[in-house]
Every structure is written in structure tokens, then in C-alpha cells.
Amino acid sequence: VSALAVTAHAGPDEDQLTINEEIEIVTEAPAPAHLEGVVDTIYSGWRFRSDETQAMQMDDFDNPGLVGVESAQAAFAAVDGTEGKACADCHNSPEDLAGVKAVYPKWNEEAGEVRTIEMQINDCRTTRMGAEEWKYSGGEMTDMVALMAFVSRGMPVDVAIDGPAQSTWEQGKEIYYTRYGQLELACANCHEDNWGNMIRADHLSQGQINGFPTYRLKNTKLNAVHDRFRGCVRDTMAETFAVGSPEFVALELYVASRGNGLSVEGPSVRN
Amino acid sequence: MKNTLGMAAIMAFAGSGLLAEAVAPAEVAYDDYGAVEVSLTGAPGNVENGAVLMNKGSGNCVACHQIAALPELAFQGEIGPALDGAGSRWTEAELRGIVANAKKTFDGTMMPSFYKTEGYIRLGNGFTGKAAEGDVPPLLTAQDVEDVVAFLMTLKDE
């Protein structure tokens, strides 16, 4: 009817992602069993971005998120704290931790809680290195998480949602479907019911987190997953949960599980 | 109490050009289908301001709807149906109900309730991410709702 038809934007595009002509990234996969009847196919947010933004992630020379990876490589080898240790003293090289990012958040038996990779890193810093905690979504932490993603790129996201993690997962699921704030919008309203549609100037994706940390062109830095959650909740005119809060840890486990089967992609590039 | 004003008083004020006190959000009378028969202010809606609210501030209807009559607005959303022809599809009372609280017309709809002040979960202080302090105003004022309805009534089928 109108000249404003926007069907050109509808849905994810058909592009495929191979990084450095070498690392195959799965950006489309059958939905995990727990999403049966809800979503058939899961897509990485990469598939919803413009060709220009997509291109920046196809070659590490063009990916501004790699700057953070490099500074984390230096931090990995740097001694810090009262024990005179560096990450490298115990973990040898970042590559030794390949595959770890793909399974976090994860139940920690000793602590009796689900931990994000940030919590695990801070635990190593405080209890094993005698070093100061890094700010949960601060630059040093987000860079280190980007390095952990970097060494796992191309591996399938595979977080466990059963056993002792299940109650946390259920809590995250409840948050995902709760309509917060004065606009009364849940994650599901935008990312489950309307992915592929335009909301004003934004092309809605499924809100997957396999690409985190993401370098956003909007604020020209690496963004931690809880900061993105905070932004999305704030946009519903709600009081957000705090970065690192039990609520966001639970939500992260749940959202990560919606992406089981996609590749770890971080540091990704988004607008 | 705002509703003690009564219809006669509202009419009298409207007739004399003075602004009557608006029907408070909690006092709006929805019928079984979600329509609201009585004007929230008694004053006629301003079509031009209604058009402005499509784009700006707390209205921002184009975030979710296309409106062919306002081609100058860039990036019209595709969450809800296009509003073209809404003034032919719906009566004024129905549109007032949809704008004031669409959930009374469309059960569970994603569309926000623009003239409501209660029943929120983790209500924030605008877009700050902080908790709201005390009562919040509705997303649109009573007169805004009337203005938006007046604008929608101009969107007739060709």
C-alpha cells in the first residue's frame, strides 16, 4: 500500500560468517529442545546487521574488538596481587582455556552457585592471586572475557540447564518473560515475538549472547552482556537489575541456553 | 476526588472554553470490548498535536506502527499493524480505549498502556534505569490521548 513497505529488512539475511577465511561460525542452528514450540531456528545477531557491520567481523584486522583481546593477552601474562602470580602461571596460555566460554554460565560445585565467567575470573583474582577484584563489567574484565571468547571462537555454545543449574535457569526464564517497566515489555516481546521486525530504526534480532562481548559502533567499546541487559531493561522504563546481580546471572544462563548450538563469536561487532 | 466533578460540570467547562479536570487514569470507564465512550477532558482533540505525538516523546507510535499519512517520519516500525485507515476501522470510542489502554481491547498485546498509572513491575524513573520515586504520570496526558484520537480519526480509508 504505502511506499514505506520495509519488507527488505524482514528476517535475518542469508549471509554466512567465516572469520579470517578460516574460522567457520554457525550463525543459524536448529533451536535447542527446550525452545520447542517457541522458536524453530536460532540465529546469531550477526545475521541481522548491515553488510558493512558484518564485514568488520569477518577479518580480525577490521574488528575493533581485537584491541581488547590484545590488552587482555598482556594482562594474562602480568603478575598481579599479593601471591605474585599471573593467570599464565596456572593456566599457561589463554588457549589452554579454549572451550571454557562456551559452557558458561556454569554450576560451581564448591561454591554451590551458578557462576558467570566474570565471577570465575574474579574468584581466581581474589582467592588465588590475592589481587583486587575487577569491576564486573569494567574494561579490564570485559577485555579478559573477550579473550576467553576469542580462544573459543567457532565452538558451539553448550550451557547446561539441568541438574543443580536448573533452578537458576528457571529463574532466568521467568525474568525473560516478565513485562517490566512503564512500557510493560518483556525480553520475549521484542526478541521472541518480533525478531526480524523493525522497531523504529532498529532491526530486532533474537537477542542472542553468543557474540559477547560485542564491540558496538554506537559507543565504540566492548560491551559486557550484563550492560546490554541493563540497556534493554532500562528501555522499558523499568528499574534495572544491577550488573553482576543474581537476577542477571540467572538471565544470562537462560539467554545463553537459547543460543545452545550457535558458535561462540566474541568479540563480535554490532551497531 | 476528581470524579465528583460529574458530566454536567465537564460540559459546562468545555462549553465555556475552560479546561475541565480530566478523568483520572484509574477512573476511566472501559466497556466490555475496551472502548471508552466519554472524552477524557471534554475538550476536543487537537489533530496537529496528535500528529506530533505519533513521532515524539511518550507517544512514539511510529516505533511500532507505519503511518503513510506522515511520510516525513523516518524509520516507521513494523511491530503492530499500519495505522492507515484506523479512523474507518474503529469508532472514536474504540480508538480512545486502544490508546488509553490497548490491553483492554487486545488481550496481552505488546502495545503499552498510555493512560495508566498502576500495576507496573519494577517501575522506573523514566529511562534512567533507576526506581521511580512516588507516583508517575501516565505516558500521555488526558489531553494528549484526545489529541492522538483526533489524529487517528483523520486516517480514513481512501
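**B:His65 and the cores around it**

B:His65 sits in the loop between α2 (47-55) and α3 (86-89) of chain B; helices here are DSSP runs (H or I, at least four residues), numbered from the N terminus. This is a predicted model, where local features need pLDDT of at least 70, side-chain atom pairs count only at pLDDT 80 or more, and totals for chains, interfaces and linings use all residues. Residues are numbered from 1 along each chain as its sequence is written, chains are lettered from A in the order in which they are written, and side-chain values use heavy atoms, with hydrogens and water left out.

**The histidine**
- B:His65 is buried, at a relative accessible area of 11% (buried means under 20%, with a 1.4 Å probe and protein chains only).
- Its side chain reaches the backbone oxygen of B:Pro81 at 2.6 Å.
- Leaving out residues up to four places away in sequence, B:His65 touches B:Gln76, B:Gly77, B:Gly80, B:Pro81, B:Leu83 and B:Met111 (contact means heavy atoms within 4.5 Å).

**The cores**
- The largest nonpolar core has 38 residues, and B:Leu40, B:Met54, B:Ile67, B:Phe151 and B:Leu152 touch the most other members; such a core is a set of buried Ala, Val, Leu, Ile, Met, Phe, Trp, Tyr and Cys residues joined through side-chain atoms within 4.5 Å.
- Two or more residues come from each of α2, α4 (92-101) and α5 (142-153) of chain B, and α5(B) gives the most, with six.
- Apart from this core lies another, of 27 residues, including A:Leu35 and A:Phe229.

**Confidence**
- The predictor gives the complex an ipTM of 0.93 and a pTM of 0.94.

How values were computed: Buried means under 20% relative accessible area, exposed over 50%, partly exposed in between (1.4 Å probe, protein chains only). A polar contact is a pair of N or O atoms within 3.5 Å; within protein, one must be able to donate a hydrogen and the other to accept it, and residues adjacent in sequence count only if both atoms are side-chain atoms.
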